[in-house]
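Subject: Structure handover

Hello,

Here is the structure we spoke about, for you to look through. My notes on what was found follow below it.

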Amino acid sequence: MLLRNKLLCLLALIFLVACGKVDQSPPIEKDQSIEIRLPMGYIPNIQYAPFYVAVEKGYFSDAGFEIEFDYSFETDGVALVGANELPFAIVSGEQVLLAREQGIPVVYVMAWFQDYPITVISKADAGIEKIEDLAGKTIGIPGPFGASYIGLRALLSEAGILESDVVLESIGFTQVEAIAGGQSEIVVGYINNEPVQLRDQGFDFDLFSISDYVQLPANGIITNEKTISENPDMINKFIEASLLGLAYAIDHPEEAYEISLKFVESLAEQDEVVQKEILALSIEYWKTEKLGFSNIQAWENMQNVLLEIGLISKSLDLEDVFTNQFVE
Amino acid sequence: MDRVKKNMNGSRKNHWSLIPITGILSILIWYFVVWLGDFQAFILPTPQLVWLRFIRSLDDGSLLRHFSVTLGEVMGGLAVGVFTASSLGYLLARSRKLERIMSPYIVASQSVPVVAIAPLLIIWFGPGLTSKVIICSLIVFFPILINTIIGLRSVPEDLYDLMRSLQANRWQIFSLLEVPAALPVLFGGLRIGATLSVIGAVVGEFVGADRGLGFLINVGRGQYDTSLVFVAVFSLVFMALALYGSITLIENKLLKWNMRPEQRILNDT
């Protein structure tokens with residue numbers, strides 16, 4: 001009897017799994033508006049101001065969307081969009097190539113950051129005057145993965161430095177503490193985050209921004225092939241609303257900050273000057289003549305870096321990787 | 001006696017034969033779920049894909065390299081955790097007053113999630129082996145401490161009287177009475193601690209590392225290589241099982257005197 005009950009439970013579980021698979025319908029339509037859960041890839045942050053603005057100003061609701069922000073990991077967002085469980089996610093450019101290498105059918109449809117926001121931060125007395133000076137040095141990185149690692153490898157490659165010429169130390173996301181505590185002299189971080197915090201703490205340092213040396217695709221919006229073929233209109237509306245939010249945040253940083261206070265719980269308790277500086281720096285990375293456009297050269301550069309590192313094994317067709325059709 | 005031995009051997013053989021059967025059944029169910037759900041490999045790979053990834057990781061030496069790093073951290077953490085917890089446990093078992101003073105802090109320390117303080121430990125002790133060993137030892141500490149106290153307190157007062165009547169000194173009471181009496185309970189804590197220590201090492205490697213099975217999981221996730229994630233997870237399971245089995249084996253050898261007669265017969269066979 002016990003065995004029979006267990007078998008029934010197992011069959012019920014398998015049935016539920018199967019139902020879950022069959023019954024997947026990413027956007028939920030409710031009162032004629034589409035509920036969208038949007039994976040952001042990071043914790044609530046002032047950098048997401050364009051999306052907060054788009055919600056607050058009603059750009060998303062006017063387009064028929066009800067947005068719920070999801071602050072889970074970037075890789076989870078890619079997997080969920082790839083599996084068609086969600087229609088959109090915000091991810092960094094390299095993730096699209098890594099995902100497509102594994103057969104995940106995601107497509108980059110809107111460039112949010114125009115330049116790769118990763119930088120090498122070296123203490124002023126570390127003796128780094130040019131990127132070639134990094135050879136032989138120990139560099140603290142969150143780990144040999146993700147945007148920081150890929151950005152650093154791209155920078156080293158530009159200077160003709162091999163990974164074996166430097167010592168990479170995995171320090172987790174503790175770059176500020178590592179510099180402040182004296183454990184590291186050189187770290188890799190986001191230009192609109194760690195340098196601002198270090199400056200606030202009175203440290204002198206030099207920056208070597210990856211974007212000054214090589215153009216790479218940075219954070220943007222992805223969708224999947226199925227949504228592109230079956231629901232291009234929804235993508236158009238979503239991108240349009242996002243671009244309106246982006247443009248408004250660029251033109252009205254003060255108001256964007258005030259709006260973000262409603263979405264980022266701890267923002268009001270943080271140093272206002274520092275947070276506004278982070279926003280101002282981020283805006284510099286968003287600005288461009290044609291908001292949302294992707295540059296094919298940036299994708300080719302990224303592909304070359306990933307091939308060199310060995311994170312992808314073959315060249316991918318970049319027409320499958322990104323498209324500008326929804327931002328034109 | 002022979003019949004008892006024979007019956008027990010038979011029952012033990014039945015027990016062991018169930019393990020491969022349930023293993024094969026689990027793999028078949030796994031295949032069935034993938035087939036039924038038509039899952040892509042990055043969502044749920046088939047057992048075959050995981051097996052091929054395992055062979056590849058074994059061939060290029062990466063799996064063994066990461067496995068040995070994590071095992072080193074686990075063993076280091078276990079050693080430090082067992083030493084500090086059993087030392088403190090001895091002091092607390094001997095002194096009720098000290099226990100009353102310390103226990104609120106010890107219990108409170110257990111409510112601190114290690115995953116939350118792991119980044120701080122990486123900052124304080126660096127991203128190398130030390131921080132991982134400390135994280136493991138923190139996780140191991142509590143079960144060993146509690147079991148040491150319980151073990152030592154379980155020594156009957158009559159036996160203390162007997163030792164004192166034989167003019168035993170403090171060291172003799174400790175080595176001939178207290179340690180043997182506490183060992184059975186201490187081994188129970190050690191078995192729990194060994195499996196928890198594996199979790200500790202992975203938590204540390206998640207936060208900041210460039211080697212180890214936790215790092216391998218991070219790499220697998222970062223590259224959408226779910227088969228690699230499965231390989232690393234199964235390796236961790238294997239490590240925890242191997243540690244648990246080794247401790248049970250040592251326990252059986254060391255504590256033969258403490259076994260029930262039928263257990264002793266089984267152990268001898």
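To begin with the contact between the chains: 28 residues of chain A and 25 residues of chain B take part in it. Please bear in mind throughout that this is a predicted model.

Chain B itself is assigned two domains, with domain 1 covering 1–38 and domain 2 covering 45–268. Taken over C-alpha atoms, the centres of domain 1 of chain B and domain 2 of chain B are separated by 28 Å.

Chain A is also divided into domains. Its domain 1 is made of two segments, 28–113 and 217–321, while domain 2 of chain A runs over 118–212. The C-alpha centres of domain 1 of chain A and domain 2 of chain A are 25 Å apart. Where these two domains meet, domain 1 of chain A contributes 13 residues and domain 2 of chain A contributes 10 residues. On the domain 1 side, α12 (272–286) and α13 (296–309) of chain A each provide at least two residues. The most comes from α12(A), with 6 residues. The classes on that side of domain 1 of chain A are 6 nonpolar, 3 polar and 4 charged residues.

One helix pair in chain A deserves a separate note. Helix α6 (residues 146–158) of chain A packs with α13(A) at an angle of about 90 degrees, and their axes lie 10 Å apart. Because angles of 65 to 115 degrees count as roughly perpendicular, α6(A) is roughly perpendicular to α13(A). From α6(A), the contact uses I150(A), R153(A), A154(A) and S157(A); from α13(A), it uses V305(A), E308(A) and I309(A). By class, the residues where α6(A) meets α13(A) are 4 nonpolar, 1 polar and 2 charged.

Last, the confidence of the prediction for chain A. The average pLDDT of chain A is 89, and 91% of the residues score at least 70. Residues 15–25 of chain A have a pLDDT below 50, and this stretch makes 9 contacts in the model beyond near neighbours in sequence.

Regards

How values were computed: Residues numbered from 1 in each chain as written. Chains lettered and ligands numbered in written order. Predicted model: local features only at pLDDT ≥ 70, side-chain atom pairs only at ≥ 80, totals over all residues. Domains from an automatic or database assignment. Contact = placed C-beta atoms within 7 Å. Helix = DSSP H or I, 4+ residues; strand = E, 2+ residues; numbered from the N terminus. Nonpolar A, V, L, I, M, F, W, Y, C, P; charged D, E, K, R; others polar. pLDDT = per-residue confidence, 0-100. Axes fitted to C-alpha atoms, helices over the stretch in contact; angles between N-to-C directions. Parallel < 35°, antiparallel > 145°, perpendicular 65-115°, else oblique.
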